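I opened a new page for this structure. My plan is to look inside, then at one residue, then at the whole.

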Amino acid sequence: MSIFEQRESEIRGYCRVYPVVFDKAENARQTDENGKEYVDFFAGAGVLNFGHNNERMKKAMIDYIQSNGVLHSLDLHTTAKRRFMERFTKVILEPRNMPHKMQFMGPTGTNAVEAALKIARRATGRREIVAFSHGFHGMTLGALACTSNQAFRGAAGIPLEHVRHLPFGCETKCGDCKLGCGIERLDELRAAYEDGSSGLLPPAAFLVEPVQAEGGVNVASKAWLQALSKLAKDVGAVLIFDDIQAGCGRTGSYFSFDDMGVDPDIVCLAKGIGGIGTPLAMNLVKPEIDKHWSPGEHTGTFRGQGLSFVAGTEALSYFENDELMQDVTRKTATMREAVDPLGDRYTSIQVRGKGMMIGIDVGSGEKAKAIVSKCFEKGLLVSACGSGGRVVKLIPPLTIPDSDLKFGLDTLVETTHQVMEAA
Ligand code: PLP
């Protein structure tokens with residue numbers, strides 16, 4: 001029995017799906033300790049947008065360590081943090097006229113969401129948050145209350161309160177979902193908020209992933225997201241976008257909502273923002289909301305991590321011109337050409353997504369599980385998500401070489417046919 005089975009907590013999850021010991025990783029490949037290589041279409045659940053051990057980031061980090069750069073600093077000012085903030089302002093915020101402040105917190109996505117919820121409640125003096133079906137926002141209690149999946153909620157051990165869950169406004173009707181998404185639901189909500197006798201008060205915030213990842217790769221419709229933004233503004237609620245998994249270039253531009261014509265008050269970022277896989281989380285908060293914080297109120301030991309600032313600054317150089325984003329558009333087309341025919345061939349399959357985040361909803365958790373495990377045997381890492389784990393999610397590094405992308409797509413398509421035909 002390995003040390004993992006002997007001593008690692010029962011909580012272990014992904015390692016049960018890929019039961020080998022990984023040893024090395026480079027760009028879109030991981031190698032296990034026996035030398036078997038895998039093409040990685042999982043990419044640390046959206047962390048590794050720029051690949052494993054990205055050469056540019058690795059070099060910047062090694063140089064930084066060798067020069068005795070500050071690795072840990074709580075929230076003290078460091079040159080690494082200044083470089084990151086200046087570059088982020090210049091490359092991401094200024095071109096979009098975003099006045100937002102940057103708040104660093106403990107380096108996980110769930111911590112970013114917690115901070116957003118706190119400041120929204122503080123700024124509005126209200127308690128309720130409106131979150132959406134299939135939304136995934138993290139595992140700490142506040143974020144978990146906003147997460148929809150009962151499999152995660154059940155572990156809380158206490159009631160998860162002060163959150164109302166409404167149907168998410170999908171771009172396409174997802175599979176056999178009967179939740180009734182759409183703008184009409186927002187109209188009903190508006191009417192209730194406007195009627196002083198409806199029993200419903202406007203919330204502190206609306207929290208939404210413009211592109212849901214763990215929930216099964218559901219893309220919000222532009223009209224719905226715009227209607228939601230307007231509703232938030234009209235009722236004085238804070239609009240929080242969780243772009244933790246879909247942001248940082250994944251969908252073909254820096255934010256997943258860049259083409260949606262919306263203006264969020266808070267944007268939560270984590271995962272890809274640290275560039276190479278070292279942790280970092282950051283909220284972008286409009287100054288009129290941010291001013292409600294008092295110094296140190298949402299503190300944390302690892303607020304902004306030296307090496308993540310260094311690698312994260314390097315990552316921003318990918319957005320100084322449109323080379324990478326054009327490549328993402330090209331690779332997205334390659335991916336869709338390969339997988340869209342699966343949706344044409346099988347009525348129970350729906351393919352959806354945005355940019356290089358694509359979900360193949362195969363209609364059943366068992367089938368998705370079989371596809372994931374057969375792909376793994378053939379040397380491809382993919383994972384399942386969505387209700388009952390029925391959606392195979394493809395999120396390869398944006399920097400994946402064409403040959404690895406082809407291998408991964410060929411393997412996935414062939415395996416999906418095998419599993420669907422066997423059923
Ligand atoms: N929000 C979204 C959209 C996520 O996909 C995740 C993680 O998958 C989180 C929040 C939570 O991030 P973390 O696991 O770093 O706490």
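**Entry 1: the cavity.** I am working with a predicted model. I asked which residues line the largest cavity. The lining consists of Phe-50, Cys-248, Tyr-254, Gly-272, Ile-273, Gly-312, Ala-315, Leu-316 and Phe-319. I sorted this lining by type: seven residues are nonpolar, two are polar and none is charged. The space inside the largest cavity comes to about 40 Å³. I also looked up how many cavities reach 30 Å³ or more, and the count is one.

**Entry 2: Glu-214.** Next I went to Glu-214. I found Glu-214 in the loop that runs between strand E8 (211-212) and strand E9 (218-219). Is Glu-214 buried or exposed? Its relative accessibility is 19%, and the cut-off for buried is under 20%, so Glu-214 counts as buried. I then checked what Glu-214 touches, leaving out residues up to four places away in sequence. I noted Tyr-14, Phe-136, Gln-245, Cys-385, Gly-386 and Lys-393. With Lys-393 there is also a polar contact between the side chains, at 2.7 Å.

**Entry 3: the whole protein.** I stepped back to the overall fold. The protein has 15 helices and 17 strands. Its C-alpha trace spans about 60 × 60 × 45 Å along the principal axes. I compared the radius of gyration with the globule rule: a compact globule of 423 residues would have a value near 22 Å, and the protein's 21 Å agrees with that. Of the 423 residues, 53% are buried. Last, I looked at contacts with a separation of 6 or more: 73% of them join residues 24 or more positions apart.

Note on methods: Residues numbered from 1 in each chain as written. Predicted model: local features only at pLDDT ≥ 70, side-chain atom pairs only at ≥ 80, totals over all residues. Heavy atoms only, no water. Helix = DSSP H or I, 4+ residues; strand = E, 2+ residues; numbered from the N terminus. Buried < 20%, exposed > 50% of the residue type's maximum accessible area, 1.4 Å probe, protein only. Polar contact = N/O pair within 3.5 Å; in protein donor to acceptor, adjacent residues only side chain to side chain. Contact = heavy atoms within 4.5 Å. 1 Å grid on protein atoms, 1.4 Å probe; cavity = no way out; pocket = protein on both sides within 12 Å on 5 of 7 lines; lining within 4 Å. Points joined across faces, edges and corners; volume = space filled by probe spheres on them. Nonpolar A, V, L, I, M, F, W, Y, C, P; charged D, E, K, R; others polar. Rg over C-alpha atoms; globule rule 2.2 N^0.38 Å.
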